[in-house]
Number of protein chains: 2
Amino acid sequence: MAQEKIYSERTLLDFCAQTLLGAGLSQAGAEIVAETLVFAELRGIKSHGLIRLATYLERLQAGIMERQATILRERDEGAAALLDARNTFGQIAGFEAMTLALAKAAEYGAGVVGVKNSNHFGVAAYFAMMALKVDMIGFVLTNASPAMAVYGTRTPLIGTNPLAWAVPAGNYPAIVLDMSTSMVARGKIRNAALKGEAIPLGWALDKNGNPTTDAKSALEGTLEPVGGVKGSALSLIIDLVCGVLTDTILTGGVKNITDLSGPAKTGHFFLAINIARFIDPGLFKANVDRVIAGIKGMPKLGETEVFLPGEIEHRSTLQRRKEGISVSALTLASLNRTAGIFGVRPLQ
Amino acid sequence: MAQEKIYSERTLLDFCAQTLLGAGLSQAGAEIVAETLVFAELRGIKSHGLIRLATYLERLQAGIMERQATILRERDEGAAALLDARNTFGQIAGFEAMTLALAKAAEYGAGVVGVKNSNHFGVAAYFAMMALKVDMIGFVLTNASPAMAVYGTRTPLIGTNPLAWAVPAGNYPAIVLDMSTSMVARGKIRNAALKGEAIPLGWALDKNGNPTTDAKSALEGTLEPVGGVKGSALSLIIDLVCGVLTDTILTGGVKNITDLSGPAKTGHFFLAINIARFIDPGLFKANVDRVIAGIKGMPKLGETEVFLPGEIEHRSTLQRRKEGISVSALTLASLNRTAGIFGVRPLQ
């Protein structure tokens, strides 16, 4: 195995943005997508980081995703809006949608924005966390391609449809939850299959709906929803809000990011809640700090420190900002191959 | 065991309302609380049904809950509001809050309403489903008394904090999810303890944070959150939104419904989304019907019919409206004892 290399946040941001510019994105669009990819790396969510650059650009080259599109405000009145992403990057549409939701919340106390005809938008937490800078609470939903069976059935229909919440704190890092409605990500099972390893019971079902520890059978089957019927229902509702409410596509119709047969037809939903309409934001954040301090002082289950939701990712971000981001030889090769296509100088 | 008796919905509504009127509630307040209790019975959620009447009225008699209170609109601007329930019934505050959220959504496209200083409000789905009659989507959160440990700790701090979504359909029953963030309700473990039965692994932890099948040890410990760290984080966020955002109390401070040492200090959060601001509601409901029909036609896991979220409860409601609601001898005795205190004629 070749060794991994370390790059600064700045270097990776510039490299990704240059490559995306080369691929035909606008300056602003390239910067947003680059930022979300490096954001994922900083937080240690490599599954949604640099490795995705090649995948996104393959969709562009296949002609099934738009480099640039003027995102349409299809409906926009009061605290609610519906944007048409017109098949451009989910990150660009998501950024515009959450920006709008926050502006609406500043004016009306809350803002809800749906997005239709979008694509994979990366890490949901990125958009929820946009609320933190303006002392708001962010809540984000997206649908995804079929990966789980609706409870009582046995073929994939609903996605791992994640939800993300971001709640500001004062001196402590914000409380940030970004969870899929499946027990684990499909990537973990793919990794196990590649290595010929077994997976724990409870992660997935085979194509007949039986629990399995065989990673290959799992890939032909479905992921287990978190909490069985609860996760299944939650995923279905997220899909109805993101896919049907936005008038994009019926449940089961979203294409996987690697499926080049047509537009992905992803939908998203963003909610911003203006804390100041309920309580003084300073008091709110001080109270969240008191809750966090209380939890840190609770009797521990094990020897390790108690981490609040999002705290490990926050610490990872601080560390990687200081020490740099490690990039595996495999990812580096993928990045440089992609950059080469668009005439961008490879990372050394 | 004495046999159970069957009563009509109307008889039970009148009986509960009379008893609540006798206990000093307003006519409107008594009707709302009665309706939510019978709603739970109709849906087959007996844990939140008639058996709770005595518990609520014990709180009144202990002087730690208000019979009547003019609910204050502490803040109200645009699409957001904060109500102060002034320690009256959670059902009355919840009804007023969701009514307001729906009115705001009619005007602004979305409405968010928080409630402070409230009490147990019964079944969360009741309030989410208020959105269905006006072609909206309802989303409801409430906090509850400590029952689960935050992930990594081992003493109870966060509640089984439920969330409910209601999404209208056309010819099919609406999609309604009402789930706690714990694997199971504490009541199931209490029942097992009473019967001296073991509980399945995965339901609860003992006071040292170890998985247990002993119901008594479980009652001294904590409930398992759904999906481990995911359910723990979700519960914490629901608490921050319901308790801290509403400026009611810090996480861990909500009192159990049976704890008569003071006001419960419960908080709730209601969101209404006006479908018409996104898509024609008729088309939305037709599309939800198509999704449901698709799911009904998927390859089944077992022999039994596939049920959508809320469908079993809907069917139970239709059946019990027709055939009546069964009341156990134990519940009947509790109801009649309570009614007797307030001079209401017992159920025969």
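# A tour of chains A and B

Start by selecting helix H10 of chain A, residues 311-323: Arg315(A) and Glu311(A) both lie in this helix, four residues apart, which is about one turn of the helix. This is a predicted model. Over all chains, the rule gives 24 salt bridges.

**Stop two: H3 and H11 in chain A**

Next, select residues 51-61 and 329-341 of chain A, which are helices H3 and H11. How do these two helices cross? Their axes come within 8 Å, at an angle of roughly 35 degrees, and the crossing of H3(A) and H11(A) is left-handed. To see the contact, show Ile51(A), Leu53(A), Ala54(A), Leu57(A) and Gln61(A) on the H3(A) side. On the H11(A) side, show Thr331(A), Ser334(A), Leu335(A), Thr338(A) and Ile341(A). Colour this contact by residue class: six of its residues are nonpolar, four are polar and none is charged.

**Stop three: H3 and H11 in chain B**

Move to chain B and select residues 52-61, helix H3, together with residues 329-341, helix H11. The axes of these helices are 9 Å apart and the packing angle is about 30 degrees. The crossing of H3(B) and H11(B) is left-handed. From H3(B), the contact takes Leu53(B), Ala54(B), Leu57(B) and Gln61(B); from H11(B), it takes Ser334(B), Leu335(B), Thr338(B) and Ile341(B). By class, the contact of H3(B) with H11(B) has five nonpolar residues, three polar ones and no charged ones.

**Stop four: between the chains**

Now display both chains and select the residues in contact across them: 73 in chain B and 73 in chain A. How much area is buried between chain B and chain A? The value is about 6,300 Å², and carbon and sulfur atoms give 77% of it. On the chain B side, pick out Lys230(B), Leu245(B) and Phe278(B), which lose the most area to chain A and together make up 13% of what that side buries.

Two salt bridges are found across the interface of chain B and chain A. Residue pairs in polar contact between the two chains, both at pLDDT 80 or more, number 16.

Finish on helix H8 of chain B, residues 229-244, which gives the most to the side of chain B touching chain A, with eight residues. Colouring that whole side of chain B by class shows 50 nonpolar, 14 polar and nine charged residues.

How values were computed
Residues are numbered from 1 along each chain as its sequence is written. Chains are lettered from A and ligands numbered from 1 in the order in which they are written. This is a predicted model: local features need pLDDT of at least 70, side-chain atom pairs count only at pLDDT 80 or more; totals for chains, interfaces and linings use all residues. Side-chain values use heavy atoms; hydrogens and water are left out. Contact means heavy atoms within 4.5 Å. Buried area is the accessible area (1.4 Å probe) that two parts lose on being put together, summed over both. A salt bridge is a side-chain nitrogen of Lys or Arg within 4 Å of a carboxyl oxygen of Asp or Glu. A polar contact is a pair of N or O atoms within 3.5 Å; within protein, one must be able to donate a hydrogen and the other to accept it, and residues adjacent in sequence count only if both atoms are side-chain atoms. Ala, Val, Leu, Ile, Met, Phe, Trp, Tyr, Cys and Pro count as nonpolar, Asp, Glu, Lys and Arg as charged, and the others, Gly among them, as polar. Axes are lines fitted to C-alpha atoms, for helices over the stretch in contact, and angles run from 0 to 180 degrees between N-to-C directions. A crossing is left-handed if the near helix is turned anticlockwise from the far one by less than a right angle, and right-handed if clockwise.
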